[in-house]
Amino acid sequence: MKQVFLFILITFFSIISVNAQKVGLVLSGGGAKGLAHIAVIRALEENGIPIDYIAGTSMGAIVAGLYAAGYSPDEMEKLFKSEQFKFWSTGQIQEEYRYFFSKREDDPSWFELDLLKKADKLKIMPPTSLIPEEQMDFAFMEMFSSVNAINKGDFNKLFVPYFCIATDVYNNRKVVLRQGDLGEAIRASMTFPLYFKPIEIDGSLFFDGGIVNNFPVQDMKELFNPDVIIGHNVANNPEKPDPDNIMAQIENMIMQKTDYTIDPQDGIFMETTFDNVGLLDFKKIDQIEKAGYETTNKSIEIIKNRINRRIRPTELQQKRQQFNLKKPTMNFQNVQVEGVTDGMQRQYIIQSLKHNANIVDLKELKKEYFKLVADPQIKSLRPVARYNPETGYFDLHVMAKQNTPMQIKFGANVSTRPINQGFISGDYRIFNKRSYTLSTNMYFGRFYSSIKAGARIDYPTQLPFYLAGYFTLNRWDYYSSTTEFVFEDVRPPYVIQNESNFRLEMGLPLNTWGKLTMGGSFSNAKDKYYLNESIKVTDTADRTNFEAVTGSVNILSNTFNDKQYPTEGISSCLSLNYISGKEENVPGSTSNSTILQEFNHNFYLLKGNYDRYFKISRHFTLGLMAEGVFSNKKPFSNYVSTVLSAPSFNPIPHSKTIYLNEFHANKYVASGIKGVFVFSDALHLRAEVYGFAPVREIMETTNHMAIYNEKNFSSVKFMGSGALVFQSAIGPISFSVSYYDKSQTNLFAMLNVGYILFNKRGY
């Protein structure tokens with residue numbers, strides 16, 4: 001009888017022990033390789049293996065945190081495959097949030113440096129990270145703030161209790177994050193130095209937890225003491241550095257050695273290794289997940305034998321749904337700004353985000369947030385959402401940091417053609433109730449040189465607007481730019497254009513990606529040229545001066561992802577200009593006339609342009625563009641001056657550097673098609689073909705006068721280009737071959753590093 005009772009007692013306690021069996025899952029860091037953790041969780045769930053606690057470091061902290069926040073493996077996979085993840089992991093702004101209104105005029109800068117005045121000395125502030133953090137910060141707030149409303153800052157009250165590891169920058173020590181804002185904790189754990197800016201939490205700066213502990217098995221044991229720990233590792237300790245490998249040496253100095261093992265008595269260790277997956281190879285997610293799934297299935301029988309307790313997938317899904325139903329909708333009422341001391345600056349930020357609205361939903365806030373991110377006065381902007389149970393809304397706490405007042409930019413264009421140039425610019429910014437930017441720049445080179453100075457004032461009213469004014473001096477020397485890399489013009493044209501202008505402009509936003517500008521300018525264009533192709537040493541050039549006053553109205557939009565050689569987005573322009581000016585022609589030795597001539601010109605110019613890229617597949621994008629110009633402008637005093645003052649069609653970067661009289665007209669239509677073969681985010685091959693048809697072609701008479709062809713569309717000219725482009729950190733590196741349907745040389749080859757961009761003309 002005693003033996004039977006003892007048997008029943010042992011059986012009873014065995015059943016209790018099995019049912020009480022707790023499982024902790026630990027996930028290592030490892031960059032993109034950490035996507036294998038998703039497949040590990042999927043395989044465990046499919047086999048009914050419970051996950052009672054979860055923890056991770058770096059990429060492991062992200063996957064573990066998403067799981068603890070109620071994401072299923074399928075939802076995690078969908079997130080990491082989405083365009084949304086691509087943008088917040090690279091810092092790029094997605095197309096619909098690129099705020100064109102705040103964008104300054106394009107320039108060829110390679111990098112920028114902030115200047116800070118301290119103790120009467122200027123201190124250079126280099127960039128603190130390679131990837132801007134605003135995209136990621138908003139994404140983490142968006143994904144995890146509703147969860148914070150449920151758990152009230154306690155990570156033990158998540159869907160699964162959770163912790164992650166971060167590194168205290170100042171004390172260089174491990175910190176276990178178990179409470180607070182879940183998004184901030186995950187952001188701290190995965191903030192790898194140089195790639196991302198460190199995050200500040202409660203006055204302390206945090207970096208990637210992988211620096212101190214990339215596989216927190218011991219912390220799991222001490223904090224949760226599960227019956228079984230399952231650990232999955234995709235990383236390894238840095239190898240012994242080579243004397244010539246400085247990056248490996250730095251990695252060894254920064255990264256502390258991690259113990260990537262689990263005591264068999266404590267649990268089960270799994271490891272997935274990769275030979276061809278880099279730190280940021282997130283596009284290889286299918287390959288990475290497949291490897292993680294195979295690793296888990298190889299160990300699944302061992303796991304099942306060790307863990308007797310099961311949870312049905314349907315039961316788990318029901319539990320997850322019940323947890324997610326508790327998440328409140330993200331609508332915002334109050335906005336608080338920290339990090340700026342000036343009351344007018346706080347008002348500027350709050351006004352820019354809310355525009356006097358009482359309640360702002362997440363979609364509207366996101367749009368206004370990225371508008372503010374585009375403001376050059378703002379250096380960083382980190383949003384934190386805190387749920388207010390009394391109102392049922394979220395309060396937004398914005399950790400803002402003002403940009404330094406002074407900034408300098410450096411750039412250049414290095415080419416196999418003689419169009420090399422340097423670039424430097426400086427901005428001085430004043431930020432209070434309004435935003436003031438004083439700017440100047442200088443181009444210096446053989447082909448193009450320029451100086452510009454001006455100011456812009458931004459008003460954050462209900463309908464924002466800006467006022468701007470700029471004075472610019474431009475010079476183009478086409479004669480000096482005619483030598484080619486492979487081919488050379490037989491009779492190079494002699495054309496030198498000097499132009500000065502003063503522009504005033506007012507701008508209003510049109511949605512997110514467009515703006516309406518109205519303004520006027522005073523310009524003075526001075527052109528020097530020869531009318532004959534044969535030039536003697538004793539010859540003197542003709543000179544045409546054109547002083548003009550211009551009034552203009554423009555509707556512009558731009559969502560291109562790059563300012564030269566874009567692969568996505570839309571750019572459009574519709575402009576109406578009225579020009580009133582005086583032409584003065586001083587004949588040279590090649591002219592048939594010897595008398596100075598003066599003419600008054602009054603005309604309008606209407607121009608429209610539309611350029612769009614369509615993503616056909618992952619590796620192919622189709623671009624289409626169309627352009628048209630219509631003007632009632634009369635011919636100038638001779639053929640060359642008429643051509644030089646006429647609008648030009650130059651859609652290819654190379655075409656902006658040579659004189660193409662065949663592609664100038666006062667009335668024309670043009671269109672083009674572009675095929676872009678995308679190898680990666682940075683490397684692509686593009687082929688472009690364009691057709692140009694003057695409505696009334698400008699023709700030259702025997703005495704060098706200009707007349708318009710009486711027959712409409714009497715000719716069609718073509719140009720095309722093929723280019724291999726690498727978008728580097730400093731700008732595009734390209735090798736291009738261009739063709740132009742013109743007399744003499746048709747084919748041009750060019751190797752170029754940098755942007756072919758110029759300051760604006762007045763007319």
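Biologist: Which helix does glutamate 289 lie in?
Modeller: Glutamate 289 is part of helix α10, residues 285-306. Keep in mind that this is a predicted model.

Biologist: Is glutamate 289 buried or exposed?
Modeller: Buried, because its relative accessible area is 5%, and the cut-off for buried is under 20%.

Biologist: What does its side chain make a polar contact with?
Modeller: With the side chain of arginine 42, at 2.9 Å. Leaving aside neighbours within four places in sequence, glutamate 289 is also in contact with Leu35, Ala36, Ile38, Ala39 and Glu77, among others.

Biologist: Switching to α4. Which residues are buried there?
Modeller: In α4, residues 73-81, the buried ones include Pro73, Met76, Leu79 and Phe80. They lie on the same side of α4, because they cover an arc of only 120° around the axis.

Biologist: And what does the face turned away from the buried side carry?
Modeller: Exposed residues Asp74 and Lys78.

Biologist: What covers the buried residues of α4?
Modeller: Among the elements covering them are α2 (36-46), α3 (59-68), α5 (83-90), α6, α10 and α11 (313-325).

Biologist: Cavities next. How many of 30 Å³ or more does the structure hold?
Modeller: Three. The largest cavity has about 100 Å³ of space. It is lined by 13 residues, and Asp137, Met141, Gly183, Glu184 and Pro383 are the closest to its centre.

Biologist: Which elements each supply at least two residues of that lining?
Modeller: α6 (134-151), α7 (182-189) and β13 (378-388).

Biologist: How does the lining of the largest cavity divide into nonpolar, polar and charged?
Modeller: Six nonpolar, two polar and five charged.

Notes: Residues are numbered from 1 along each chain as its sequence is written. This is a predicted model: local features need pLDDT of at least 70, side-chain atom pairs count only at pLDDT 80 or more; totals for chains, interfaces and linings use all residues. Side-chain values use heavy atoms; hydrogens and water are left out. On a 1 Å grid over the protein atoms alone, a cavity is a set of points where a 1.4 Å probe fits but cannot get out, and a pocket is an open set with protein on both sides within 12 Å along at least five of seven lines; lining residues have an atom within 4 Å of a point. Grid points are joined across faces, edges and corners, and a volume is the space filled by probe spheres set on the points. Helices (H or I, at least four residues) and strands (E, at least two) are DSSP runs, numbered from the N terminus. Ala, Val, Leu, Ile, Met, Phe, Trp, Tyr, Cys and Pro count as nonpolar, Asp, Glu, Lys and Arg as charged, and the others, Gly among them, as polar. Buried means under 20% relative accessible area, exposed over 50%, partly exposed in between (1.4 Å probe, protein chains only). A polar contact is a pair of N or O atoms within 3.5 Å; within protein, one must be able to donate a hydrogen and the other to accept it, and residues adjacent in sequence count only if both atoms are side-chain atoms. Contact means heavy atoms within 4.5 Å. The arc is that of the directions from the helix axis to the C-beta atoms.
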